[in-house]
Amino acid sequence: MPLSTQSQGDAEQYVLVASLDNARNLSNILKAITFKDHAIFSATPNGLKVTVEDSKCMQANAFIQSEIFQEYTIKEDSVGFQINLTVLLDCLNIFGGSTAPGVSTALRMCYKGYGYPLTLFLEEGGVVTVCKINTQEPEEPVDFEFCSTNVTNKVILQSESLKEAFSELDMTSEVLQITMSPSQPYFRLSTFGNSGNAHYDYPKDSDMMELFKCTKTQTNRYKMSLLKPSTKALALSCKVSVRTDSRGFLSLQYLVRNDDGQICFVEYYCCPDEEVAED
Amino acid sequence: MDCVVTGGNVKVLAKAIHSLSRIGDELYVEPQEDGLALRSVNSSRSAYACFLFAPLFFSRYTIPIGLAFRCKMAIKSVQAVFRSIATLEKTVEKCHIELDEQNNLLTFTLHCKHGLVKTHNLSFQDSESLQAVFDKDSYSNVFRSHPRLLVDAVVHFPPSLEEVTVSVSDDRMWVKNHVEDETDRSKAMLTELCLASDEFEHFSVQVQNSVTFCLKELRGLLVFAESTGLPISMYFDEPGSPVVLSVTDSVLEGNFVLATLSDDSNLRKNNTKRACTPPPPPDDFMNDDMDSYLIAMDTSVMPGPSASRPPSPPLTNSTSLKQTAAANHRTRPPSEEEEEEEEEEAVDSSGPPNKKFCSLFFGSVLPPSSQMTTQPLTGQEVLASDSEDDVQ
């Protein structure tokens, strides 16, 4: 469709070209992980992964599979760079981010390789904007070593009910405590704030609970400041899976449907708070 | 204490709490035999509100036997339990309020749809009983209207407006903003609107006069009344005695008591009248002879009468509260008020009477009832007793 103004010659130089008819399919999901300025982009033939980290204790990843893109060409096995996410989002929304039906910004993202800027061609209503954003050396994202074999407890909930709990969380509490257990209270979110403590209990047979697999009782605390950003991802999602492993590390995986109904994933990893959690 | 609120009443309870939060920072909770009383008072003691929920409001109402229990807690904490009214309406099936005496916690448990259970354990402090002494049934002027009438009237005044003056004649009520004398009238915007008696469901004027009170604190009640559709009754007497606004239905009663500016007249009529001076600059002890924005408060530790019954003679028990125009620099809870601090306020040109008057503030426990009979039942004299009545 649009953006065919590029000459064939240019296309040869790019190691990565990804196009979307609706840039919101990328910008919306990136908003869910924008709590820090910088993000690590990692593109493989499978798709795009964008990582944002906080103090090495928390990591958020957004996955946009190659199928989501109208065009996705990658010339290497892996292409990575670091970029200012805030600037990228500003560019993606350069036409004002209107949500009028039928009006969308088309995007063509191109990258020539190490040292080159990320070039964005954005078009809306016949107007084309070209943005070039400098890239940096990608840092190695922390490997949380979270693997399914180590998972002790897992639940999958419909986001609706969790959204309510997260929006009401007592922010004067420094930690969010998560208790998962095969017996009462099954799945509990707790806060300890200035005025007292609060508990949100989800029973295992709730119709909001799509999957409940808890093998042992675990209570872990996580810094509220680290988890609060995940509320954005929760807001976009329709389902969330909560898993903890034997070390108490937390994995939150959000299933997000974009404007066209396609599925993308956002994932948060968080280390437990160092203080010993009381049981 | 063990109470359960179900269905739509949870929303009503939440709205009452939100409207009390417009008055003061603390919520006083007192389960009584005639119902659960939730009260709040502002820091300058010029506004007080009380909601009494009858036992029938609850699907279960059990109160502690023996010693009366009463407590207070930060109202923000309780508001957090009922944060989103819209969500409450959609998802909460019942609310269980329980007292955990051992741990000094009041537990609010919300049972919601889909099996979700939200439990809030809130800490509280023991407190004295907080009851304003007023007898609205004895007031000369009584009005009742659908809340819409008052809401529509109030909308014409800016949200920042502090005071309004309500004047009544036999068949009309005027509402206008109160402008300080010293303000240049040509620069102030004056708004006045007039309501005819037939706009009210009930309009009875025995004494044609005007009262001036703070509008801001009233808005909480207006929001509550409008959302529940309950008619608002308004009672007032003469300037200086409080204006009371209430909403009632078969299972609840809400009273908002606001102090009014007293008249200019004699200073020493029962020590209740003061020269109507402009509100003093903040933190200026010397100017504390201000206007008498006063509400008698019964902060005794004895089980007090509920606010809706005729007051026990307030005088020695009662504490008259003064308003400093700026937020009162003293924001201690009443039980901690020291008498000597009151005396500071009394330093003014009116001399001794004020000092004595002030020393009645937050008087601690009270003399026996025999003393009361010597006092006229001054239900509407919500101010201090005669200076002769020196209670220490």
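## Salt bridge between two helices of chain B

Glu226(B) has a relative accessibility of 32% and therefore counts as partly exposed. Its side chain meets that of Arg148(B) in a salt bridge, with 2.3 Å from N to O. Glu226(B) belongs to helix α5 (residues 219-228) of chain B and Arg148(B) to helix α4 (residues 147-154) of chain B, so the pair ties together parts that are 78 residues apart in sequence. Arg148(B) is likewise classed as partly exposed, because its relative accessibility is 38%.

The model discussed here is predicted.

## Salt bridge between two strands of chain B

A salt bridge also joins the side chains of Asp2(B) and Arg60(B), at 3.3 Å from N to O. Asp2(B) is placed in strand β1 (residues 2-6) of chain B, and Arg60(B) in strand β5 (residues 60-62) of chain B; the pair therefore ties together parts that are 58 residues apart in sequence.

Asp2(B), at 21% relative accessibility, counts as partly exposed; the cut-off for buried is under 20%. Arg60(B) has a relative accessible area of 38% and is partly exposed.

## Contact between the chains

Over all chains, the whole structure contains 18 salt bridges. One of them pairs Lys118(B) with Glu168(A), whose closest N and O atoms are 3.2 Å apart. This pair crosses between chains: Lys118(B) is in strand β9 (residues 117-123) of chain B, while Glu168(A) is in helix α4 (residues 159-168) of chain A.

Both Lys118(B) and Glu168(A) are buried. These two residues also belong to a network of salt bridges that includes Glu164(A).

## Overall form of chain A

Chain A contains 6 helices and 19 strands. Of its 279 residues, 53% are buried.

Along the principal axes, the C-alpha atoms of chain A fill a box of roughly 65 × 40 × 35 Å. The radius of gyration of chain A is 20 Å; a compact globule with 279 residues would have a value near 19 Å, so the two agree.

Notes
Residues numbered from 1 in each chain as written. Chains lettered and ligands numbered in written order. Predicted model: local features only at pLDDT ≥ 70, side-chain atom pairs only at ≥ 80, totals over all residues. Heavy atoms only, no water. Helix = DSSP H or I, 4+ residues; strand = E, 2+ residues; numbered from the N terminus. Rg over C-alpha atoms; globule rule 2.2 N^0.38 Å. Buried < 20%, exposed > 50% of the residue type's maximum accessible area, 1.4 Å probe, protein only. Salt bridge = Lys/Arg side-chain N within 4 Å of Asp/Glu carboxyl O.
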